[in-house]
Amino acid sequence: MVRPDLESNVQAGQKKQQSLPTRVWVAPATLLKRRRGYLVSDVFKTVACVMTALCIFQFVWIRHLQAGWVRVPNDPFDIRFNDDIKWNSPSIWDSSRQAFIHNAMPVPVHSHNDYWRRIPLFEALGSGCISVEADVHLRDSDLLVGHTSLSLHRGSTLRSMYLDSLQRMLDTQNAHITDGTWRGIFDRSPQQTVVLLIDHKTAGPETFAELDVQLQPLRDRDYLTYWNGTDRIMRPITVVATGNAPFESVMALNASHRDIFFDAPLHALLSRYDNFDVEPPVYGYNISNSYFASTQFKNGRLWAWHDESSPQPDTPGGRDREASQIEQAKARGLIARYWDTPSNPPNLRDIAWRVLVDVKVGILNMDDMGAVRARARGWGQIEL
Ligand SMILES: *[C@@H]1O[C@H](CO)[C@@H](O)[C@H](O)[C@H]1NC(C)=O
Ligand SMILES: *[C@@H]1O[C@H](CO)[C@@H](O)[C@H](O)[C@H]1NC(C)=O
Ligand SMILES: *[C@@H]1O[C@H](CO)[C@@H](O)[C@H](O)[C@H]1NC(C)=O
């Protein structure tokens, strides 16, 4: 029979094993143990990697779902400006596409970091935004558009992306006007100005000086809103400087033709130049030097504030100090804007917008042009 044989073999093996000096067998046993250890750690590592990858994927996916970019079914903009159209495609100047832009319903919305849009400038205007933002970096005496200094390209300049395009559009809009009036971008509201908010990312005074030079062609055509010494004269484009731009640079411009305005600090509008002893009061930030007044949403004071323990303010200065930021901006003739409003989840984002509309903010800061187009008329409640 086989079995006894086997047994005897095993026994023989065991006997053999036992008969061998233990020293010889120590090494393979530890090796085996170590190998098993490697195996366990390999499996563990693989599982950990897969789990991490899954977590990252899930995180990205949830972010993607939450970002909630609004897609409008059969969006007329997306149909006309399909994926083949870039900001520098010659076909963007086709009359049908330009007519679409000029026909947009203007809404009090600011296209935040506009150069991130699929088609900078054109998408914002085609969605009815009355304000667009470009971050500029001074490089080799030119202004390059981009968020950080690492994301700059030689071809993406303020001139090529914004100034030249605006000039070309306005030249067409004003080609047949001879009576000294002007026509802006939006045919439905021809006297509506478009704000170009220039966020200075590099040294303030130098960047500002270069901006001042680059605006000359628009200035020569009388396309820029300016302060003439006694009045603010509205034109199709209003240039507003923000970021590192110094207030002093704005004030240093020719006081009888000042055509770059400041983005005043909405959380700190009270200034040492305010004078409440005259009627009406004189404010340091006013329409002669500023256009927007902006601050981060988290610094917002959306409602009037009063310290219960002190008496009601009965002076104009006291009342101004306790007013909401939006009221303070209005008193100064400025448009209040909050940036960094919550962007997701979408319901929180919408609540923030609704509250801002309710308290009559001047302009909404938005990134999602699909949402602007989908609900354009919904934002029309704010006075333009
Ligand atoms: C500024 O413009 C207004 C309105 O056009 C005009 O009445 C006023 O005289 C101008 N001021 C100066 C200093 O030119
Ligand atoms: C300031 O602007 C006025 C009006 O455009 C012009 O007459 C004057 O020469 C300018 N002054 C300077 C110093 O550029
Ligand atoms: C605007 O503010 C400046 C100081 O920042 C002041 O000199 C000027 O008088 C003010 N102008 C008006 C129209 O209030």
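**Note on the predicted model**

1. At 46% relative accessibility, Asp340 counts as partly exposed, and this residue of the predicted model lies in the loop that runs between strand 10 (335-339) and helix 12 (346-358). Although Asp340 is not a glycine, its phi is positive, at about 60°, and a colleague going through the backbone may wish to begin with this residue.

2. Asp222 is a further non-glycine residue with a positive phi, again of about 60°. Its place is in the loop between helix 8 (216-220) and strand 5 (226-227), and with a relative accessible area of 35% Asp222 is partly exposed.

3. Strand 2 (residues 129-139) and strand 3 (residues 142-145) pair in the antiparallel sense, with 4 bridges between them, and Val136 has Val145 of strand 3 as its bridge partner. The two strands, strand 2 and strand 3, form a hairpin in which 2 residues stand between them, and Asp140, which is in the turn, has a positive phi of about 45°.

4. The peptide bond that leads from Glu279 to Pro280 is cis, with an omega near -5°. Pro280 itself is found in the loop between strand 8 (260-265) and strand 9 (290-296).

5. On the aromatic side chains, the structure holds 11 aromatic pairs. One of them is formed by Phe77 and Phe100, whose rings are tilted, with 6.1 Å from centre to centre and 50° between the planes. This pair links distant parts of the chain, since Phe77 belongs to helix 3 (residues 76-80) and Phe100 to helix 4 (residues 95-102), the two residues being 23 residues apart. Phe77 is buried, with a relative accessible area of 0%, and Phe100 is also buried, with a relative accessible area of 18%. Phe77 and Phe100 form one aromatic cluster together with Phe81.

6. How are the rings of Phe276 and Tyr283 arranged, and why is their pair described as edge-to-face? Their centres are 5.7 Å apart and their planes stand at 80°, so the pair is edge-to-face, because planes over 60 degrees apart are placed in that class. Tyr283 has a relative accessibility of 12% and therefore counts as buried.

7. A contact of another kind involves Trp93, over whose ring the charged end of Arg168 sits, at 4.0 Å from the ring centre.

8. Tyr283 returns in the surroundings of ligand 3, which is surrounded by Phe247, Met251, Tyr283, Gly284, Asn286, Ser288 and Asn289. A backbone N or O atom of Tyr283 lies 3.3 Å from an oxygen atom of ligand 3. An N or O atom in the side chain of Asn286 is 2.4 Å from an oxygen atom of this ligand, and for the side chain of Asn289 the corresponding distance, from one of its N or O atoms to an oxygen atom of ligand 3, is 3.4 Å. Of the 360 Å² of accessible area that ligand 3 has on its own, the protein covers 59%.

9. Ligand 1 is surrounded by Asn228, Thr230, Asp231 and Ile233. An oxygen atom of ligand 1 is 2.2 Å from an N or O atom in the side chain of Asn228, while a nitrogen atom of ligand 1 is 2.9 Å from an N or O atom in the side chain of Thr230. The protein covers 35% of the 360 Å² of accessible area that ligand 1 has on its own.

10. Which residues are around ligand 2? They are Asn254, Ser256 and His257, and of the 360 Å² that ligand 2 exposes when taken alone, the protein buries 26%.

11. Is Asp320 buried or exposed? This residue, which is found in helix 10 (residues 316-322), has a relative accessibility of 7% and so counts as buried, the limit for that class being under 20%. The C-alpha atom of Asp320 is separated by 8.3 Å from that of Leu270, although the two residues are 50 residues apart along the chain.

Notes: Residues are numbered from 1 along each chain as its sequence is written. Chains are lettered from A and ligands numbered from 1 in the order in which they are written. This is a predicted model: local features need pLDDT of at least 70, side-chain atom pairs count only at pLDDT 80 or more; totals for chains, interfaces and linings use all residues. Side-chain values use heavy atoms; hydrogens and water are left out. A residue is near a molecule or strand if one of its heavy atoms lies within 4 Å of it. Accessible areas come from the Shrake-Rupley method with a 1.4 Å probe; for residues, only the protein chains shown count as cover. Rings of Phe, Tyr and Trp (its six-membered ring) pair if their centres lie within 6.5 Å; planes under 30 degrees apart count as stacked, over 60 as edge-to-face and the rest as tilted. Buried means under 20% relative accessible area, exposed over 50%, partly exposed in between (1.4 Å probe, protein chains only). A charge sits over a ring if NZ of Lys or CZ of Arg is within 6 Å of the ring centre and within 35 degrees of the ring normal. Two strands pair if DSSP finds at least two bridges between them. A polar contact is a pair of N or O atoms within 3.5 Å; within protein, one must be able to donate a hydrogen and the other to accept it, and residues adjacent in sequence count only if both atoms are side-chain atoms.
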